[in-house]
Amino acid sequence: MSRTVGLPDGPLTLSGAGREHATPGARFTGRIAYAAAHVVADPRAENVPGAPATVDWDATLAFRRHLWSYGFGVAEAMDTAQRGMGLDYPTARELVRRSARAARAEGGAICAGVATDQLPAGPATLDEIRKAYAEQLSDVQDAGATPVLMCSRHLAAAARSADDYLDIYGRLLDEADGPVVLHWLGPAFDPALTGYWGDADPVRAADIVVALIEAHSARVDGIKVSLLDEEFEVALRRRLPSGVRLYTGDDFNYPALIRGDGTGHSDALLGVLAAIAPPAAAALRALDHGDVAAYDEILAPTLPLARHLFGAPTYYYKTGIVFLAWLAGHQDHFTMVGGLQSGRSPAHLGRLLRLADAAGLLPDAERAAQRARAFMTTAGVTQ
């Protein structure tokens, strides 16, 4: 079978270098690493823009078992799963319940997003927002997952000062059954979150975040930061109280942030980990054994792919994640809830294929080439 694919910028013959960089094994000891997982749509359903999501549950849970088998925790029902971009809250709640049951059966770690997306789009009062957060917090805790208090578009629109954020988050932390993870998602991922925490300047917003964490440190496991700014993340990490983790969500600079420096390191809660699970597992195990050179060497080829995958407009990275999952054989189609498979161009996805091949992320080159040819044919690229 041919490994050659016609792409918008010319033909590519896949190298066949895809391989299992690591075999399934136990969790990592030096770092906590959650992979934010996508959902697999049911291709037979009406997964079109504006329609309720219909999920292929078997394929969705199989992908989570793949991640657990390599030692990753699963970050469930978060941005990568298309929260706010096709995944409605009733489906997200069912996703958390099913994944949490599977995690117990597999002995895998799981955290899950808590937001306010059961509210209708548009204005909401602060009390309505707090109650929506509290409802989802209860749902996630009842399922048995660690809650991740995600940023809320409703709160970003309704808050008039930092005090509104401090009040709502403080009350939620007081109500939590145990430690939770906070979440700071930057406007590159969601423009509606500009000015989150009550200040458009991230440096001043960080003062508000640190004050919140210091006041509730016993209830905060850590904070996921997705601002795509390595220097800022390191500075914030150094300010956190002892025992509070910084989970990097920086898909542009994750190797250096996870490796760390003389003052500490970031743990990880990353969408890119789901796309690069085998090499990332090998790298993290090398780091467990103190082999920093091997860690750097293994992750280096994944970084150009990640920076392309999460390139502007960053919020469409989910399309590339699902494209790679299809090429790698984790699902049988390239259909997404909300019709989001249209979120990236054939040119973008062709470049992604080149980078995935260079990074050794395609375990079956013939299958990947066959699927890529089928997609490019429908896009009008001659094969």
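Eight strands close into a barrel here, in the order β3-β4-β5-β6-β7-β8-β9-β10 and with parallel pairing. Neighbouring strands of this sheet are turned by 25° against each other on average, direction ignored. The model is predicted, so local features need pLDDT of at least 70 and side-chain atom pairs count only at pLDDT 80 or more, while totals for chains, interfaces and linings use all residues. Residues are numbered from 1 along each chain as its sequence is written, and side-chain values use heavy atoms, with hydrogens and water left out.

**Strand pairs**

A few words on terms first. Strands (E, at least two residues) and helices (H or I, at least four) are DSSP runs numbered from the N terminus, and two strands pair if DSSP finds at least two bridges between them. Strands of a sheet pair through backbone hydrogen bonds, either parallel or antiparallel.

| Strand pair | Sense | Bridges |
|---|---|---|
| β4 (residues 73-76) and β5 | parallel | three bridges |
| β8 (residues 220-226) and β9 (residues 245-248) | parallel | four bridges |

To find them in the model, look for alanine 75 opposite cysteine 111 in β5, and for glycine 222 with its bridge partner arginine 245 in β9.

Strand β5 (residues 110-114) is mostly covered, with five of its five residues buried, where buried means under 20% relative accessible area (1.4 Å probe, protein chains only). In a regular strand the side chains alternate between the two faces of the sheet. Both faces of β5 are covered: Ile110, Ala112 and Val114 are buried on one side, and Cys111 and Gly113 on the other.

Aspartate 79 sits in the loop between β4 and α2 (89-106). Aspartate 79 is buried too, at a relative accessible area of 11%. Leaving aside residues up to four places away in sequence, aspartate 79 touches Met150, Leu185, Phe189, Tyr317 and Lys318; contact means heavy atoms within 4.5 Å.

**Helices α13 and α14**

Helix α13 (residues 317-327) packs on helix α14 (residues 346-358) at an angle of about 55°, their axes 11 Å apart. That makes α13 oblique to α14, since angles under 35 degrees count as roughly parallel, over 145 as roughly antiparallel, 65 to 115 as roughly perpendicular and the rest as oblique. Axes are lines fitted to C-alpha atoms, for helices over the stretch in contact, and angles run from 0 to 180 degrees between N-to-C directions. On the α13 side, Gly320, Phe323, Leu324 and Leu327 meet Leu349, Leu352, Leu353 and Ala356 in α14.

Key: Buried means under 20% relative accessible area, exposed over 50%, partly exposed in between (1.4 Å probe, protein chains only).
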